[in-house]
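Thanks for coming. Please look at the model on the screen while I go through a few of its contacts.

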Amino acid sequence: MAGAATSLAASTSAVAVPGRARKTAATDEHPAIKWLLIGLSVTFMVLFLIIPLVAVFCEAFRKGTDVYFAALVEPDAVSAIKLTLITAAIAVPLNLVFGVAAAWAIAKFDFRGKSVLITLIDLPFSVSPVVAGLIYVLVFGLQGWLGPWLQAHDLKVVFAVPGIILATIFVTFPFVARELIPLMAAQGNEEEEAALVLGASGWQTFWHVTLPNIKWGLLYGVILCNARAMGEFGAVSVVSGHVRGQTNTMPLHVEILYNEYQFAAAFAVASLLALLALVTLGLKSFIEWKTRREHEVLPLEAPREA
Amino acid sequence: MTPRPAKRHNVLPGFGLSLGYTLFYLCLIVLIPLSAAFIRTSSLTWEQFWGIVTTPRVVASYQLTFGASLIGATINAVFGLIVAWVLVRYSFPGKRILDALVDLPFALPTAVAGIALTGLYAQNGWIGSLLAPYGIKVAFTQLGVIVALTFIGLPFVVRTVQPVIEDLERELEEAAASLGASRWQTFVNVILPVILPALLTGFALALARAIGEYGSVVFIAGNIPMKTEITPLLIITKLEQYDFVGATALAVVMLVISFCMLLVVNLLQWWANRRAGRES
């Protein structure tokens, strides 16, 4: 987040501040090299990002809009869309609460083993999605630790919806926490301390002081978490059991349609997911723009106060 | 992270609650399930374990997974550096859209990327049909695996190198130029050493992601045993044959590799931070 935000900030400030705007030719590349590098970048990105994205929508509409919409309102597709929404609706809030709690503990307090805790929170990002699914099969599957107990009580976790939700929680585990920890650490404790001194309770301080300060970072983490939750394939694939109309999420539905050579239908459902990705990127850019603007206003006011 | 004031009584409430909940949730979702893989495998003797994880089919899958991931991460290191440089230093039409699109592989579900790339690189696809006359097959070959892994690793190098290029001090480049260095010499001797830790971090992140990747690869790989079968797929194949022990043994190998990669990334970031701290 910070990367992209400062990138644009840097490029705009280079134009805005006179004296820094036009550098001497000594630190600029030869125009031919400059345009060669731009050409290489654009070609690479068009080839690897834009063409695949365009292809999804072209393939989806290849057999016409009737086939496209038919593929989306078909019962199996509708139940896949529903399951995807339910999964995200459970996984994202749980990780949101966790992320805020973890960031509060880590950013606002000093304690031993903090860096180990941060590494452990990031762990799910480095675990292969397939392994993430497998470990839940090992715990909740028939062969697993809790399998016999679950079967005795007629509960199903693996190859059922709870397993899908658990696997999704695992793969999206760090998103909110890793966005909030650096943000809350950078903001420090002064504002909260002031609120407490003025007689606010702990919860009041959190709702009225901390939350407004972290709202954009929180939203940013939630958006990325949601995109991954709705799009996760590998982990969910292992625990789902692929029961059509019951334990298929949208990405799994795409796979089934594709393997049945129903390409137009597969790409139609895929186009919804691609649309979700584009909305995610749009919102992400918006939040980066918003936070950058707030940061640009602050430094201008600060010297006057000082 | 900014250093917080030295030892001071912290008046903020909620430490016990928030840390307690964090640890509880972490154990429940991450640590206990992960430990299941290791505990399950510990029922095997070392010989049995070694036998499972070194069969020819498994070794072939390691070779493909690591080989393709290394090539993909290398492509991303080269082009990621160029893209990051171009996005920071130059202005051209469409730049902001390109900048936003860099994160597409993070946002696009891997299954969607998988079928899109397969459709493009199949023999009758837009790109596949252009390459076919030259006898180049991408889909359902090892080349296809590399294409998919390049796609999913693309944002890592750009996003780790970009902030470092932004923070580069132009004065250093001016000094180098005024001392008679050519632009290329300045790049190699002045700019590259500063970027290098971030570049390596991005490379390691892309590599780590590629090694575990599943969704985007299964469609384009064709999944031919010994040829285009990646290790995560082999885990799923074993699971589908109810070979839980075999699947878990492979998962433990993957986990150990992930932990090593995580360690490498942390060391690289520590190096990058130390270097940044020394120079500023």
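I will start with one residue, Asp76(A). Leaving aside the neighbours within four places in sequence, Asp76(A) is in contact with Arg244(A), Gly245(A) and His253(A). Please keep in mind that this is a predicted model. Asp76(A) sits in helix H4 of chain A. Take His253(A) from that list of contacts. Between Asp76(A) and His253(A) there are 177 residues of separation in sequence, yet their C-alpha atoms are 8.0 Å apart in space.

That pair leads to two helices. Two packed helices are described by the angle between their axes and by the distance between the axes. For H4(A) and helix H13 of chain A, residues 250-259, the angle is about 150° and the axes are 8 Å apart. Angles over 145 degrees count as roughly antiparallel, so H4(A) is roughly antiparallel to H13(A). Which residues of H4(A) meet H13(A)? They are Asp76(A), Ala77(A), Ala80(A), Ile81(A) and Thr84(A). On the H13(A) side they meet Met250(A), Pro251(A) and His253(A). By class, the contact of H4(A) with H13(A) has five nonpolar residues, two polar and one charged.

H4(A), which covers residues 75-108, also packs against helix H11 of chain A, residues 202-231. Here the axes come within 9 Å and cross at roughly 140°. H4(A) and H11(A) are therefore oblique to each other. The crossing of H4(A) and H11(A) is right-handed. From H4(A), the contact uses Thr84(A), Leu85(A), Ala88(A), Val92(A), Asn95(A), Leu96(A), Val100(A) and Trp104(A). From H11(A), the residues include Phe206(A), Thr210(A), Leu218(A) and Val222(A). How many residues of the contact of H4(A) with H11(A) are charged? There are no charged residues in it, against twelve nonpolar and four polar.

Now to the second chain. Chain B has 13 helices and zero strands. The C-alpha trace of chain B spans about 70 × 65 × 35 Å along its principal axes.

H13(A) comes up again here. H13(A) packs with helix H6 of chain B, residues 110-121, at an angle of about 30°, with the axes 9 Å apart. Angles under 35 degrees count as roughly parallel, so H13(A) is roughly parallel to H6(B). Pro251(A), Val254(A) and Tyr258(A) of H13(A) touch Ala111(B), Ile115(B), Thr118(B) and Gly119(B) of H6(B). The contact of H13(A) with H6(B) holds five nonpolar residues, two polar and no charged.

Last, the interface as a whole. The size of an interface is often given as the accessible area lost when the parts come together. Between chain A and chain B the buried area is about 9100 Å², and carbon and sulfur atoms give 76% of it. Which three residues supply more than any other three of the area that chain A buries against chain B? They are Phe44(A), Phe48(A) and Trp145(A), with 7%. The contact takes 106 residues from chain A and 96 residues from chain B. Two salt bridges are counted between the chains. In one salt bridge the side chains of Lys284(A) and Asp103(B) meet, at 2.4 Å from N to O.

Definitions and conventions
Residues numbered from 1 in each chain as written. Chains lettered and ligands numbered in written order. Predicted model: local features only at pLDDT ≥ 70, side-chain atom pairs only at ≥ 80, totals over all residues. Heavy atoms only, no water. Axes fitted to C-alpha atoms, helices over the stretch in contact; angles between N-to-C directions. Helix = DSSP H or I, 4+ residues; strand = E, 2+ residues; numbered from the N terminus. Parallel < 35°, antiparallel > 145°, perpendicular 65-115°, else oblique. Left-handed = near helix turned anticlockwise from the far one by under 90°. Contact = heavy atoms within 4.5 Å. Nonpolar A, V, L, I, M, F, W, Y, C, P; charged D, E, K, R; others polar. Buried area = accessible area lost by both parts, 1.4 Å probe. Salt bridge = Lys/Arg side-chain N within 4 Å of Asp/Glu carboxyl O.
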